[in-house]
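Good morning, and thank you for joining.

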Amino acid sequence: METLAILDPEGNADEALEPKIEAADLRRLFRGMLASRRFDERMLKLQRQGRIGTYGPSVGQEAASLGPAFAIGPKDWFVPAFRETAGMLWRGWPMSKIILWWSGNEEGAKVPDDINDLPICVPVASQCLHAAGLAWSCKLNGTDHVAIGFLGDGATSEGDFHEAMNCAGVYQVPLITVIQNNQWAISHPRARQTASATLAQKAAAYGFDGIQVDGNDILAMIVATRDAVKKARAGGGPTLIEAVTYRLGVHTTADDPKKYRTDEEVELWKPKDPLIRFGRYLKRKKILDDKGRGLLEEEVAKEIAAAVETAEAYEPDVSAPFHHTLSEMPDHLRAQLAEFQAYRRSIGEAVPEEEDGRGRLQGNVGVF
Ligand SMILES: Cc1ncc(C[n+]2csc(CCOP(=O)(O)OP(=O)(O)O)c2C)c(N)n1
Ligand SMILES: [Mg+2]
C-alpha cells in the first residue's frame with residue numbers, strides 16, 4: 001500500500017512532491033487550520049459553561065479535512081461526518097451555524113446557499129451512503145462534479161461503509177472517501193477495529209484505488225485529493241483515502257480519554273501536530289512570520305467572538321421539528337402542533353398566526 005507524505009515534522013517539504021500553491025493560498029490554509037483550532041478551544045469552554053450541548057473537537061485533525069476541502073470546487077459535494085470543522089469553515093459555513101448545530105438548533109443544519117454540502121451528520125458511516133448517492137447523481141446528471149465523504153476508522157466496521165464502497169465501485173461513481181483514521185473510536189483502538197494492515201487497502205476489494213496519506217500533512221492531503229478528483233472528473237471512478245492522524249483531544253465533551261489511553265501515547269503524536277508542521281514550513285518559506293501569525297490570531301479571535309455573539313442572539317424556532325420532518329404534516333402532528341402552540345400562548349409567548357403547520361413546509365423541504 002502506497003503511503004504519501006510530503007512534510008516532515010520539522011516542516012521540510014519533499015521537493016519532488018511539493019505542490020505548487022500560491023503564497024496567499026498557503027497563508028489562507030494556515031489561517032483555516034488556526035481558526036478551526038481556536039474555535040474548538042472556545043467550543044470546549046462554551047460547553048463547560050453550559051452554553052452549548054455536547055461537542056466533538058477535531059484538534060490535531062485539521063489538515064485531514066481542510067486539504068480535501070481545498071482540492072474541490074463549490075459545485076462538488078462536501079459530506080462531513082462530525083470532525084470536519086476545518087473543512088466546513090473553508091467551504092463557507094459560518095462559525096455561528098456550527099455553534100447552533102452543537103446547540104441542537106435546526107438552523108445549524110441549513111446549508112449556506114452557494115455550496116453543495118450536507119450538514120454535520122453523526123450516525124457513524126451513514127455519510128458514506130449519502131456521499132455515494134450524491135456522486136452517483138453527479139454521474140447520472142452528466143456533470144464532472146465529484147463528491148467527497150468523510151468517516152472515521154471506527155466507521156469502517158459499519159455495514160453502511162461496505163454498502164457505499166461496493167456500490168461506488170460497481171457504478172464507478174466520482175466519489176472520494178476520506179477515512180480520518182485518528183487511531184480511536186471512542187475507547188476502541190484502531191488495532192481492534194480490523195485485522196487489515198491498513199484501512200486504505202480495503203479499496204482493493206471494492207475494485208478501486210486506495211492510498212494511505214499522512215493526514216497531519218496538509219500538502220500530502222491536498223495532493224492525494226487533487227489526484228483523486230482529477231481521476232474522478234475524467235470518469236476514472238472512486239478513490240479511498242486513509243488519512244493517518246490522531247485525535248489529540250477528547251472524543252467529545254462527554255468523554256475522558258485518560259480512562260483508556262496513556263499520556264505517553266498522546267505525547268508521541270504532539271510533535272506531528274499539523275498546525276506546528278505547516279507553521280514551520282511557512283516560516284521557512286518566508287510566507288508567514290511570527291508577526292503575521294500574531295495578526296492572524298487576532299483576526300481569528302475576533303471572528304470567533306462575533307460568531308458566539310451571533311449564535312447566542314439567535315431566537316430559535318421551537319416549533320421547527322414539526323416543520324422539518326415530513327413534506328406534508330399529517331393530522332396527528334397538526335393536532336400536536338396546535339396543542340404545543342396553545343401551551344406556548346398560555347405561558348405568554350407570542351406565537352404568530354401562520355404557525356399552524358400549513359404553508360411553511362415546501363420552503364424547508366430542500367434543506368436536506
Ligand atoms: C450508528 C452509530 N453508532 C454509534 C454511534 C455513537 N458513536 C459516535 S462517534 C462513535 C465512534 C466513531 O469512531 P470513528 O469512526 O473512529 O470516528 P471518530 O469519533 O474517531 O472521529 C460512536 C460509536 C453513532 N453516532 N452512530
Ligand atoms: Mg476514530
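**The sheet and the ligand shell**

Ile211 stands opposite Ile241 in β9; helices (H or I, at least four residues) and strands (E, at least two) are DSSP runs, numbered from the N terminus. Please keep in mind that this is a predicted model, in which local features need pLDDT of at least 70, side-chain atom pairs count only at pLDDT 80 or more, and totals for chains, interfaces and linings use all residues. Residues are numbered from 1 along each chain as its sequence is written, while chains are lettered from A and ligands numbered from 1 in the order in which they are written.

Strands β8 and β9 run parallel and are joined by six bridges; two strands count as paired if DSSP finds at least two bridges between them. On β8, five of the six residues are buried, that is, 20 or more other C-beta atoms lie within 10 Å of their own, with C-beta atoms placed from the backbone; 12 or fewer would be exposed, and anything in between partly exposed. β8 also runs parallel to β1, through two bridges, and there Thr3 has Gln212 as its bridge partner.

The whole sheet is open, with seven strands in the order β1-β8-β9-β5-β4-β2-β3 and parallel pairing. Because β1 (3-4) and β3 (116-117) stand at the edges with a single partner strand each, one side of each has no neighbour in the sheet. Helix α5 (residues 126-140) packs on this sheet and touches β2, β4 and β5 (175-181), its direction making about 170° with that of β4. Contact here requires C-beta atoms, placed from the backbone, within 7 Å; axes are lines fitted to C-alpha atoms, for helices over the stretch in contact, and angles run from 0 to 180 degrees between N-to-C directions.

Let us turn to ligand 1. Which residues come nearest to it? Of the 16 around it, they are Val124, Gly152, Gly154, Ala155 and Ala185, a residue being near if its C-beta atom, placed from the backbone, lies within 6 Å. The elements giving two or more residues to this shell are β4 (147-152) and β6 (184-185).

Ala185 belongs to strand β6. Is Ala185 buried or exposed? Ala185 is buried, because 20 other C-beta atoms lie within 10 Å. Leaving aside residues up to four places away in sequence, Ala185 touches Gly152, Asp153, Gly154 and Gln193. The C-alpha atoms of Ala185 and Ala155 are separated by 8.1 Å, at 30 residues apart along the chain.

Note on methods: Two residues are in contact if their C-beta atoms, placed from the backbone, lie within 7 Å.
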